[in-house]
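Here are a few notes to read alongside the model. Have the sequence and the 3D view open as you go.

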Amino acid sequence: ALQRLALSQPQMALARDRAGLLNVQGWLREAPGADAPAGQDAADVTEPQQPSAPWRLELADLRIDGGRLQWDDAQPPDGVALALQALRLRAQDLAWPAGPRPARFDLAAQLPGDTGPPARLTARGTLALAPQAPLAVRAGVQAERLPLHRFEPYFGGALPVRLARGELGWQGELNVQLPAGGAGSDLSAWSLDARGQALLADLELRTPSDAVALAAGTQDDQLLSWASLQMQPLRVTLAPGAKPRIDIGELVLTDFFSRLVITEQGRFNLRDVQAAPAEGAAEPPSNAPATATAASAAAPPSAGLPLDLVVGGTRLVGGRVDFTDRFVRPSYSAQLTELNGTVGRFSSSTPADLATLDLRGRVAGTGRLEIRGALNPTANPLALDIQARTTDLELAPLSPYSGKYAGYAIERGKLSVDLAYKIAPDGALQARNQVVLNQLTFGAAVDSPQATKLPVRLAVALLTDRNGVIDLDLPVSGSINDPQFNVWGIVWKVLGNLLSKALTSPFALLSGGNADDLSSIAFTPGTARPTEGGAAALDRIAKALQERPALRLTLSGHADPVAERAAVQAAVIDARLLAEQRRDLARAGTPAAAAASAPLPVLSAPDSARLLKRLYTDTPLPDRPRNVVGLLKEVPAAEMRSRLEAAVPVTADTARELALQRSLRARDALIERGLQSERLFLGAPKVAVAAAASASAPVGSPSPQVELSLAAP
């Protein structure tokens, strides 16, 4: 029994070697019956004494001032050296076995930091020691600037990242108990209840380092950092047989920063962030089959987090994200800055309850970012219903990408993106991706082997309206539980299909995906007169081209002298009859100009027969029936018309002229509908020929039409 024990400036050095042996283990006396040391006879070993009654220790007052405890551990790969200094301890009523009341203590110590003031630790409370319950502590604890990175060698192997720096602050109550029979090394047997407020400040996380790249100065492996993360109030509870539970009233993350990098080899730095494999487990080879990866991805999801987490709310203040892509040349960099927002309450035990989300920021110094909606980041699968919008993002800085993959630099333009993503509890995803490009202007061509061979300029011209805007809506649906499902893979596939359509079906894009074919204008056989459907197509084409001023249109007339022979002959006779009708109007006193432009009245049957007979009489036809005195016989009107039509020659030249007149008629019709003539071009007439004709003769479609083709400048 000691009334008072006072130690002034005591120093103690504890060390552990690579084999895990403590230096103080050499102080311990060997157990009775142990083998004698080498060179010592067994007879020299003192016979063990009979056990006596157990000792009882009582210390009424213990005082330590100015103490120092040095800890050197050689077992971790890089070793650990820590020194507690300015150690001060006040303890009363210490007893072993424990007395009727627990001991009281007041502890203070300092841990020198790398720079700046040292870390400070104070604790005041009670301590109970007993054989059945080796440890029971109830205390108020305050820690300031505790350097977590100094302890990183002990827990870093379990983290997917490296803790380069971090300081912990804590102020609150701590209650720790080890139940009877529990082992101190088994944390699952501990009971813990910690309540207070915590501050994790000046934190920096890095990706697993590549020593060669770091030595060459080509790798910047900083991943995440922040100035402070406040958790107040915070409660952490552990109980044997139950999940750990963390309750946080509010999280406040201030001045946070993240760096996302794609290396020269095309590797994303987040791919290096993965947990270390379990001890004894072999890592899959880098060339493992895709089926193995898919099988692992298809494994059923885990039951959830290994702990219960409740966060009452989160505030994000002054965030920044740096993105650098060194895989493209020249490299591309962009920043998300001024990130501020809030996340509402969420709990891992109620994944169906979504927390409200409101986040705002600036993209690349020009665009505005807004994210709203609801999510629960602890749900499995992830539960969310969010809308994100970015506006007025300048496109010129994205030239490295457009040059590499599209084959053209970007001179100017702006991008706005409006996304809406919803994931149901069963993992079903419904997403909308609205992309708006404003005044996208390509510059010089870029020689890139990765550039698409599809007509990018034509596709852009087809999609751009009269105001210089491209508005795309790219819906995506699927299940995130499907290992083959990839959201952005589907989006890129849709964009690729748009480019392919510009090559294979440009008029489908021009008509907004309408099923009607606008690649040709149908004409009445034998004439240069559009059909009713052809006239409607001209209306739609004119309207579509007015909305897309960058497009140029080429018109190529088609005609077939064989298939349209009878129709051409009938059309020629109809035209001659109309000319005779106008001649009669002029003879009746109608001015020639008016007679040529005025709509003609519908001919009666007698008038039609009269004009046909005049035409038949005035046309020198061979083998016309005559009477005995040589005068023309009266023949039926149908026979007269048949003989007149048969006398009309139809040759390749006739068909070529007809094809040309059709393209001229279509061009004039589009000009009448408001298109500028400088955007319209006539292609060479296409005349179909018989199979036996010369192989060098132009061959076209036999249908009476004008073929249209689109081009971008």
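1. A term to start with: contact means heavy atoms within 4.5 Å. Helices (H or I, at least four residues) and strands (E, at least two) are DSSP runs, numbered from the N terminus. This is a predicted model, where local features need pLDDT of at least 70 and side-chain atom pairs count only at pLDDT 80 or more, while totals for chains, interfaces and linings use all residues. Residues are numbered from 1 along each chain as its sequence is written, and side-chain values use heavy atoms, with hydrogens and water left out.

2. Look at helices α11 (residues 605-618) and α12 (residues 637-646). From α11, L612, K613, L615 and Y616 meet A637, M640, R641, R643 and L644 of α12. By class, this contact has 6 nonpolar, no polar and 3 charged residues (Ala, Val, Leu, Ile, Met, Phe, Trp, Tyr, Cys and Pro count as nonpolar, Asp, Glu, Lys and Arg as charged, the others, Gly among them, as polar).

3. Next, T390, found in strand β19 (residues 383-394). Is T390 buried or exposed? With a relative accessible area of 14%, T390 is buried (under 20%; exposed is over 50%, partly exposed in between, with a 1.4 Å probe and protein chains only). Leaving out residues up to four places away in sequence, T390 touches V363, R368, L369, L415, S416 and V417. T390 and L415 are 25 residues apart in sequence, yet 7.9 Å apart in space, C-alpha to C-alpha.

4. Finally, confidence: pLDDT is the predictor's confidence in each residue, from 0 to 100. The protein's mean pLDDT is 82, and 84% of its residues reach 70 or more. Over residues 211-218 the pLDDT is below 50. Where pLDDT is low, the predicted coordinates should not be read in detail.
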